[in-house]
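Colleague: I have not looked at this one before. Can you walk me through it?

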Amino acid sequence: MVRTRSSLCAVLGAIVLMVVSNPCQAADLSDLAAIETWQNMAPGVWKAELGNMQGELRYTDLAAAGPRLERLNQLSKPDFPFAPGQTTHLVTRDDKVMIRIPTGADEKLYGFGLQLDGIKKSRKILTLNVDHWSKGGGRTHAPVPFYISSKGYGVFFNTARFLKIYNQVGNRKDSPHNPAEVDRNPPKDEKQPGPWLALPPGDAVEAQINGTGLEVLVFAGDSMLDVVSRYNLYNGGGALPPLWGLGFWHRVHARFNADQTREELEQFEEKDFPLDVIGLEPGWMTKSYPCTFEWQKKRFPDPEAFTQELLGKGIRLNLWENPYISKYSRMYDEMYPLSGSHMVWLGIVPDYTLPKARKLLTDQHHQDHIRIGISGYKIDEVDGYDFWLWPDHATFPSGVSGEAMRQSYGLLMQNMLYNDLFKKRNVRTYGLVRGSNGAASGYPFVIYSDSYGHAQYITGLSTASLGGILWTPEARSAGSGREWLNRMQTVCFSPMAKLNAWSSGKKPWSYGDVTDPVRDVIKLRMRFLPYLYSAFADYHFKGVPAIRAMILEDGFGELDSQTIEGKLDSETNPYAMGKIIEKTDQFMFGPSIMVAPFYERQATKRKVQLPAGNWYDFYTGEFVGNNKTITVTAEDLDDRIPLFAKEGAVVPMLTEAVNQTDQAYGHPLEVRFYGKTEGHCTLYEDDGKTFNYEKGQYRTRELTIRKNQAGGFKLTEKVTRDTGPALFGPVEELKVMTR
Ligand code: GAL
């Protein structure tokens, strides 16, 4: 019998049943070629272009700003995370580009944008298409093609195409790391090296792009947080919302008119509820779905007077819109030739890569909205189901493919409105968008969804932070007062504290049994303004997400998870697949506060995983533990949301709540300290409204707490930068919370 090289290997492989480097594989026979063109772009950032990128759209082309090199250049210079020849690729016969990035056996992968079904993405296949819903599998509102590895690096596929990613799934025959083969049905006397697995672990991330070119960026850093920060910095840094954007938002019913809106906001005043922004839903337009972007005078007879009247009360207006243009719009005829082949809800789909199309829309928006004082937009339906949006084969006048347009339409809208309407006029905006993608960190638009699972909404706060996007777990309605309170508490610790009553007509006080604790948590959010605004400044200047996943926190380590072993069942589980349920229900709010909301309908009790380090109850200052899991109840907390401050936390807050952010200007501060020895924080200030901070017009105050000789604590304040206006008032009180 003639033994071939591979059959000999099979025999040897069966004898050596462990996972070993297999010397029999012939690397030289591989169809893959090493990527040798990695180019160092900045400390910890490398880029390679594979195939032909001509005609391919990169997400970075649509970023809010170019790389923040001045900051990146101050960071450490880590080594490229892969050995020479380890990253490989292939250009297929039909000119598609496939890439392979190796992973280690114990390496965990996280990220891929706003994924509501969990943080960990190891050993999964994901389809990264912008899509409306959030059922998992990768298709989501913002499937950012960026992942982070527990080994301290990240990879960004910077090409606007659908992408199917095989994360440690699939085994190449030429891999030296394949696990040993296991007989699924062995005779009794044959020992196997382990259980038979339906998914033998793969040793790489593999993906193929449906286009002719793929740009890949690799980020390395000193920690996963550093990697995420560098990704954000490379994409222009994080968004800095205007101060008013961090107040409370209320979107009124879709068919409300001016009087109904007025009445509702009067009730906010009467009932002593904070309010900064009112959102008008589709009924403000003459026609919607498709849209005209023109005021419905039957509901809003004098939009300018109305907008100004609200501004006079310190309330900003935000307008809902989707981008699809109705034939009743005055722009329709001119926009028609500048739009794609297919319609959405019978509205034309403008090609906003074309300057003329951008000008048409932004001129109209300026004339009808911005000129009269509108503060921003909610850009709906830029994700859309396949049924609703254009098909993949749709064509656009610029030549951008239907697929690339689908992946980037939300980004394109953010890019256009942010730059051509607001930045140009040196006015900041804060708004919403329902679809986004890579390189979006600089945009002050927050993603929301029609899905409504509270647990998923909390997960979204963590996953968004891994990919340069913002997410709001908005409250719409609830089945009980308890659920309402739980949801309102979560949303008050998110990038946008918002009630969206477009259909439910709910108000914060709609559930009488929880009106007081709901008011309290909104007011607590307002007291946090100095702390939260400073956290967003860190997002902008340093790329550090203001609200972020626990896995980015030092000392947190692994997420608690529950492994459910797969049980063979020929009808329901024929491959005996198991399941891992992750714990993704707590997150960091700013640098030193951990939030662990109650969720699920009636939940009033939950477990909290405290990372290594001392943690204190935010409200009482009581030490609650270090590296352990505790149980908290709503009863013990007087119906407040569980919040924990970490060792050394210095938290600048307003001395008391204000009902509008405008009242935060010049407002005195209380500084809370949690810890045993010392702590410090940097308080950031600017005008809160314009882009002057980009010209260096901002101010920083370093607040340091140290033990004094008498054993008490002393606060020292130092203005460390004084080239911009003051925003908050003086520190009136130091509250040493530690007990
Ligand atoms: C949905 C959107 C809601 C609301 C509604 C108005 O698509 O997610 O928040 O704006 O449209 O019709």
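**Salt bridges and cores**

Modeller: Asp722 is exposed, at a relative accessible area of 54%. Keep in mind that this is a predicted model.

Colleague: Which side chain does Asp722 meet in a salt bridge?

Modeller: Arg699, at 2.9 Å from N to O. Arg699 sits in strand β36 and Asp722 in strand β37, 23 residues apart.

Colleague: Is Arg699 buried or exposed?

Modeller: Arg699 is buried, because its relative accessible area is 15% and the limit for buried is under 20%.

Colleague: How many salt bridges are there?

Modeller: The count is 56. One of them joins Glu694 and Lys423, at 3.0 Å from N to O. Glu694 is in the loop between β35 and β36, and Lys423 is in the loop between α8 and β19, so this pair ties together parts 271 residues apart in sequence. Glu694 is partly exposed at 40%, and Lys423 is partly exposed at 25%.

Colleague: Which residues are linked in a network of salt bridges?

Modeller: Asp380, Glu381, Asp383, Arg434, Asp450, Glu474, Arg476 and Lys498.

Colleague: Changing topic. Which residues have the most contacts inside the largest nonpolar core?

Modeller: Phe493 and Phe528, in a core of 197 residues. Helix α8 gives the largest share of this core, 11 residues. Phe493 touches residues including Val521, Phe528, Ile547 and Leu643.

Colleague: What about a second core?

Modeller: A separate core has 26 residues, among them Trp38, Leu50, Leu128 and Val205.

Colleague: And what separates the centres of domain 1 and domain 4?

Modeller: 39 Å, taken over C-alpha atoms. In the domain assignment, domain 1 covers 31-177 + 196-234 and domain 4 covers 653-736.

Definitions and conventions: Residues numbered from 1 in each chain as written. Predicted model: local features only at pLDDT ≥ 70, side-chain atom pairs only at ≥ 80, totals over all residues. Heavy atoms only, no water. Core = buried A, V, L, I, M, F, W, Y, C linked by side-chain atoms within 4.5 Å. Buried < 20%, exposed > 50% of the residue type's maximum accessible area, 1.4 Å probe, protein only. Helix = DSSP H or I, 4+ residues; strand = E, 2+ residues; numbered from the N terminus. Contact = heavy atoms within 4.5 Å. Domains from an automatic or database assignment. Salt bridge = Lys/Arg side-chain N within 4 Å of Asp/Glu carboxyl O. Lists of a residue's contacts leave out its neighbours within four places in sequence.
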